[in-house]
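Please work through each task before reading its solution.

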Amino acid sequence: MKTVVVGASSGLGRCIGTGLAQRGDQVALLARRKDRLDGAATEAGEGTVVVECDVTDEVSIRNAVDEAATGLGGIDALIYCPGIGPLVKMADTDAATWRQVFDTNVIGASLMTAAALPHLTASGGAAMYLTSVSASQTDPWPGLGAYAVSKAALDKMIDAWRNEHPNIGFTRLVVGDCGGGEGDSRVEFNQGWDNDLLVEVIDTWVQRAYISGTVMDVEHLVNMVHATLQHGAGISIPTLTVTPRYAGGLFSEADLDA
């Protein structure tokens with residue numbers, strides 16, 4: 001399997017990219033931070049392709065996909081992992097924040113798909129996008145409204161691509177609480193959050209059971225991604241949900257601020 005993983009310099013994208021390579025896939029790792037990509041490639045093993053890419057820049061996207069396809073000798077699968085979620089109330093979400101969130105979470109995903117489309121069409125391949133329980137399984141979380149709206153838009157974007165290109169397997173991967181791995185593989189989603197606002201909204205998250213009280217092992221997520229992609233051409237899995245079982249406990253503020 002020749003797989004392009006976007007957003008592979010850190011967090012779940014890095015875990016998925018290195019994990020697939022370690023399971024035998026040929027992988028191209030795409031992200032902005034070249035130094036971190038080089039470290040991920042070392043973990044992934046020999047033959048891993050590293051390509052700098054800014055998902056908010058259309059030219060960068062097209063050049064990166066071309067380079068990845070050349071390095072891999074084609075593309076069988078695209079996995080889009082980037083996602084930013086600023087912690088901000090709806091009333092305080094300005095135009096610049098909306099644009100930043102949509103540029104990364106939605107527009108970048110569609111432009112990446114368009115760039116990879118000729119390769120995925122030729123291989124009868126698959127495209128997978130990491131989305132959120134807040135877009136499909138819960139109400140939008142207070143403080144993360146812009147993020148939830150963008151992920152709901154991403155869900156509809158995936159449907160639109162599937163309807164126009166039914167020969168490609170488009171999958172939305174709904175991911176629950178997962179902290180990623182160690183070091184650069186740790187999820188950085190909450191980096192830069194306002195702790196005062198977090199304290200204000202966290203009680204609502206808990207009361208509404210938005211957080212499960214446990215964090216799943218990222219290896220379970222990687223195994224599910226790998227197994228899904230191995231189905232190959234002719235198999236469509238529109239939605240895949242991977243979440244931890246409810247543990248009955250609750251996160252502490254220290255857990256969420258880590």
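**Exercise 1.** Within what distance do the axes of helix H4 and helix H6 come, and at roughly what angle do they cross? Classify the pair by its angle.

*Solution.* The model is a predicted one. Step 1: the axes of H4 (residues 95–123) and H6 (residues 145–164) come within 9 Å, and the crossing angle is roughly 20°. Step 2: angles under 35 degrees count as roughly parallel. Step 3: H4 is therefore roughly parallel to H6. Step 4: the crossing of these two helices is right-handed. Step 5: the contact involves, among others, Trp98, Phe102 and Leu117 of H4, together with residues of H6 including Tyr147, Leu154 and Trp161. Step 6: by class, the contact of H4 with H6 comprises 14 nonpolar, 4 polar and 1 charged residues.

**Exercise 2.** Which residues of H1 meet which residues of H2? Describe the geometry of the pair as well.

*Solution.* Step 1: helix H1 (residues 11–22) and helix H2 (residues 34–44) have axes that come within 8 Å and cross at roughly 30°. Step 2: this angle makes H1 roughly parallel to H2. Step 3: their crossing is right-handed. Step 4: Arg14, Thr18, Ala21 and Gln22 of H1 meet Arg36, Gly39, Ala40, Glu43 and Ala44 of H2. Step 5: these residues divide into 3 nonpolar, 3 polar and 3 charged.

**Exercise 3.** Which residue of S7 is the bridge partner of arginine 172?

*Solution.* Step 1: strand S6 (residues 169–175) runs parallel to S7, and 4 bridges join them. Step 2: the partner of arginine 172 in S7 is threonine 239. Step 3: in S7 (residues 239–242), Thr239 lies on the uncovered face with Thr241, whereas Leu240 and Val242 form the covered face.

Technical notes. Residues are numbered from 1 along each chain as its sequence is written. This is a predicted model: local features need pLDDT of at least 70, side-chain atom pairs count only at pLDDT 80 or more; totals for chains, interfaces and linings use all residues. Side-chain values use heavy atoms; hydrogens and water are left out. Axes are lines fitted to C-alpha atoms, for helices over the stretch in contact, and angles run from 0 to 180 degrees between N-to-C directions. Angles under 35 degrees count as roughly parallel, over 145 as roughly antiparallel, 65 to 115 as roughly perpendicular and the rest as oblique. A crossing is left-handed if the near helix is turned anticlockwise from the far one by less than a right angle, and right-handed if clockwise. Contact means heavy atoms within 4.5 Å. Ala, Val, Leu, Ile, Met, Phe, Trp, Tyr, Cys and Pro count as nonpolar, Asp, Glu, Lys and Arg as charged, and the others, Gly among them, as polar. Buried means under 20% relative accessible area, exposed over 50%, partly exposed in between (1.4 Å probe, protein chains only). Two strands pair if DSSP finds at least two bridges between them.
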